[in-house]
Amino acid sequence: MAAEGGGKETNEIKTQFTTREGVYKLLTHSEYSRPNRVPFNSQGSNPVKVSFVNVNDQSGNGDRICFNVGRELYFYIYKGVRKAADLSKPIDKRIYKGTQPTCHDFNPLTATADSVSLLVGFSAGQVQLIDPIKKETSKLFNEERLIDKSRVTCVRWVPGSESLFLVAHSSGSMYLYNVENTCGTTPPNYQLLKQGENYAVHTCKSKSARNPLLRWTVGEGALNEFAFSPDGKFLACASQDGFLRVFGFDAAELHGTMKSYFGGLLCVCWSPDGQYIVAGGEDDLVTVWSFSDCRVIARGHGHKSWVSVVAFDHCTTSVEDSDLPPEFSGSDEEYHEQTNFGVGRDRANSAQSRLSKRNSTDGRPVSVTYRFGSVGQDTQMCLWDLTEDILFPHLPLSRTRTHTNVMSATSSPAAGTVTAATTTTAAAAGNSSGTNGSNTGSTGNNSGNTTNSLPATLPRSNSLPHSNPQGGTTPNSHPSSNSSTTTATPTPTPTPTTTTPASKGGSIIDSTFIATGVSKFATLSLHDSRKDRHEKDHKRNHSMGHINSKSSDKLNQLSSSRTAKADAAKTLGTTLCPRMEEVPLLEPLVCKKIAHERLTVLIFLEDCLVTACQEGFVCTWARPGKVVSDRPVVDSVM
């Protein structure tokens with residue numbers, strides 16, 4: 001499907017790759033790792049993670065990097081594409097006993113050249129607040145594991161706050177903390193604040209302020225990752241039950257839901273303007289979800305194993321005037337007529353503002369391209385372009401040159417070629433993808449009976465016309481190890497939430513400080529039953545493919561597989577989880593093997609992109625033109 005070097009070079013580790021912008025080069029001198037540079041034995045360890053912060057010092061070298069390898073945590077000055085990494089001089093190094101760091105996050109609001117606030121989550125459930133510049137440990141949260149005993153899967157500072165942070169656990173719960181509060185010496189007591197379909201929010205009952213402020217219980221199984229929207233108003237959660245759930249953070253209201261094709265979702269990210277969410281997981285796919293339409297608009301197939309990380313490239317994502325469309329080589333397009341990009345929400349960035357202004361003032365066309373990337377356990381990195389033919393399929397295109405393939409399981413490669421007459425008909429029907437309908441052999445993309453496969457809310461433009469209902473078979477459910485219990489409903493709209501008086505008409509964060517009567521809430525049985533279920537859930541290591549070998553977990557996996565298959569059948573073919581042939585299937589612009597071990601990090605920076613693998617090597621890839629070489633670059637790996 002994607003160029004991988006071809007032939008005997010397929011397993012070769014790539015050190016450069018080419019896109020329409022130019023050549024990205026691996027900078028071997030900018031590799032960060034443990035000081036001895038010895039590959040880490042990653043068996044049984046937690047994923048290597050990387051965090052960045054800029055301390056705005058006067059030297060112009062203000063970037064700082066933190067990464068964990070096994071039981072160790074390192075903090076360095078990050079020199080990026082400018083200078084070689086000096087691994088002999090870490091600013092701070094910590095080695096932990098009895099537990100391992102699993103994730104971390106800097107607070108950009110409080111970072112200075114003399115002090116940074118770094119949160120570190122651990123495999124035993126604790127969260128530590130440290131200052132690696134001052135080499136101080138400020139506080140330890142959940143020290144006695146009275147709040148949650150399960151592994152911390154994700155920790156993030158609440159955007160715009162110097163004191164609030166959110167922590168997710170493999171139990172499926174999230175907790176809101178305040179760095180100023182203590183955690184108490186007894187297990188917290190909770191009262192229900194709000195609940196909806198497969199989620200509940202509880203506030204902590206206490207006479208004095210203590211942590212956690214809130215507890216979110218989301219879905220079934222582990223909550224693998226969450227991400228705040230660019231404006232900080234919404235929260236996207238990727239869970240082991242295969243569901244993406246998007247909440248309004250302050251009001252704790254469910255905005256929308258999406259279901260993976262199969263298996264758990266492991267990672268999630270937002271587009272720079274907050275219009276789209278990309279999720280990846282155990283179905284080996286990347287799924288693009290529209291925030292405004294609350295539906296899947298595309299899937300991407302290029303990985304051969306679980307997708308560990310997805311991330312948008314804010315530097316390459318662009319909204320530009322296209323009076324004279326540039327002729328790029330094979331990955332872009334000439335852009336169509338003006339489109340209405342506004343979705344009635346009060347978020348905007350410069351690109352979106354220019355687009356809204358352009359659409360409201362004249363009819364000159366604009367070009368829209370979102371670039372995002374993904375890395376997986378197959379050791380491959382994929383780059384993807386999300387272009388106008390996918391974003392706005394209801395309008396015709398003059399010509400399409402994007403790596404996009406709309407699936408048709410019944411047409412052969414020869415018969416699937418779109419002729420001029422067919423293109424005209426398809427454009428009139430709203431199918432403006434403009435690509436052939438050949439089957440690319442993606443797992444589970446066999447067409448089912450398409451008579452009733454299109455829900456009423458799904459635009460016709462996302463499905464190829466004239467598909468043969470008799471030529472397909474039922475979609476294959478992929479015999480993978482996804483055995484977590486899935487609780488799904490065929491309806492795409494969330495049920496009305498139950499809100500207590502304390503949370504009406506305002507932020508639930510504010511309402512947590514309001515004392516309410518305990519007698520009003522007879523809902524602790526919900527908490528107890530969920531807790532019992534969480535204790536039975538398997539402890540899958542979310543981005544490593546490591547399955548706990550305890551016999552009890554295996555029994556739970558076997559007993560839940562039947563329920564998971566039944567629930568998956570209910571959602572397949574709905575807006576929660578469209579069939580493969582009902583949405584466009586993207587092909588990667590670039591798909592390269594770049595490591596020997598599974599990849600766990602992908603971060604886009606202004607002059608480079610950063611990847612890391614489970615061996616503990618953090619690699620810097622210079623963007624085109626960011627490194628001056630004394631000899632011409634020969635692209636020998638494409």
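## The nonpolar core

The largest nonpolar core has 23 residues, and those touching the most other members are L166, M174, L176, W216, F226, L235 and F249. A nonpolar core here is a set of buried Ala, Val, Leu, Ile, Met, Phe, Trp, Tyr and Cys residues joined through side-chain atoms within 4.5 Å. Buried means under 20% relative accessible area, exposed means over 50%, and partly exposed lies in between (1.4 Å probe, protein chains only). Two or more residues of this core come from each of β12 (164-169), β13 (173-178), β15 (199-205), β16 (214-218), β17 (223-228) and β18 (234-239). Strands (E, at least two residues) and helices (H or I, at least four) are DSSP runs, numbered from the N terminus.

L166 can be looked at by itself. Apart from neighbours within four places in sequence, L166 is in contact with C154, V155, R156, V158, M174, Y175, L176, F226, F228, L235 and F249. Contact means heavy atoms within 4.5 Å.

## About the model

The model is predicted: local features need pLDDT of at least 70, side-chain atom pairs count only at pLDDT 80 or more, and totals for chains, interfaces and linings use all residues. Residues are numbered from 1 along each chain as its sequence is written, and side-chain values use heavy atoms, with hydrogens and water left out.

## Salt bridges

Side chains of opposite charge can pair when their charged atoms come close. A salt bridge is counted when a side-chain nitrogen of Lys or Arg is within 4 Å of a carboxyl oxygen of Asp or Glu. The whole structure has 14 salt bridges. One of them joins E21 and R371, at 2.8 Å from N to O. E21 lies in the loop between β1 (16-19) and β2 (22-32), while R371 is in strand β27 (residues 366-376), so this pair ties together parts that are 350 residues apart in sequence. E21 is partly exposed, with a relative accessible area of 31%, whereas R371 is buried at 0%.

A salt bridge also links D241 and R245, at 2.9 Å from N to O, and both of these residues are buried. In the bridge between D313 and R623, the closest N and O atoms are 2.7 Å apart. D313 sits in the loop between β25 (307-312) and β26 (318-321), and R623 in the segment after β35 (618-622), so the pair ties together parts that are 310 residues apart in sequence. D313 and R623 are both buried. Through shared partners, salt bridges join R20, E21, R371 and D385 into one network.

## Two open sheets

Two strands are said to pair if DSSP finds at least two bridges between them. An open sheet of 4 strands has the order β3-β4-β5-β6, with antiparallel pairing. Its edge strands are β3 and β6 (92-95), each pairing on one side only. The twist averages 15° from one strand to the next; for such angles, axes are lines fitted to C-alpha atoms (for helices over the stretch in contact), and angles run from 0 to 180 degrees between N-to-C directions. Strand β5 (residues 72-77) pairs with β6 over 4 bridges in the antiparallel sense, and F75 stands opposite D92 in β6.

Another open sheet has 4 strands in the order β7-β8-β9-β10, again with antiparallel pairing. At the edges are β7 (101-106) and β10 (136-141), each of which pairs on one side only. Neighbouring strands of this sheet are turned by 20° against each other on average, direction ignored. Strand β9 (residues 127-131) is joined to β10 by 5 bridges, the two running antiparallel. L129 stands opposite K139 in β10.

## Backbone exceptions

Most residues other than glycine have a negative phi, and most peptide bonds are trans. The peptide bond between N211 and P212 is cis, with omega about -5°, and P212 lies in the loop between β15 and β16.

R37 is not a glycine, and its phi is positive, near 60°. R37 is found in the loop between β2 and β3 (50-54) and is partly exposed, with a relative accessible area of 37%. A252 is likewise not a glycine, and has a positive phi of about 55°. A252 is in the loop between β19 (243-248) and β20 (253-259) and counts as buried, at 0% relative accessibility.

## Cysteines

A disulfide is a covalent bond between the sulfur atoms of two cysteines. A pair of cysteine sulfur atoms within 2.5 Å counts as one, and by this rule there are 0 disulfides. C103 is in no disulfide, and the nearest cysteine sulfur, that of C154, is 6.1 Å away. C103 counts as buried at 5% relative accessibility. C66 is buried as well, at 0%.
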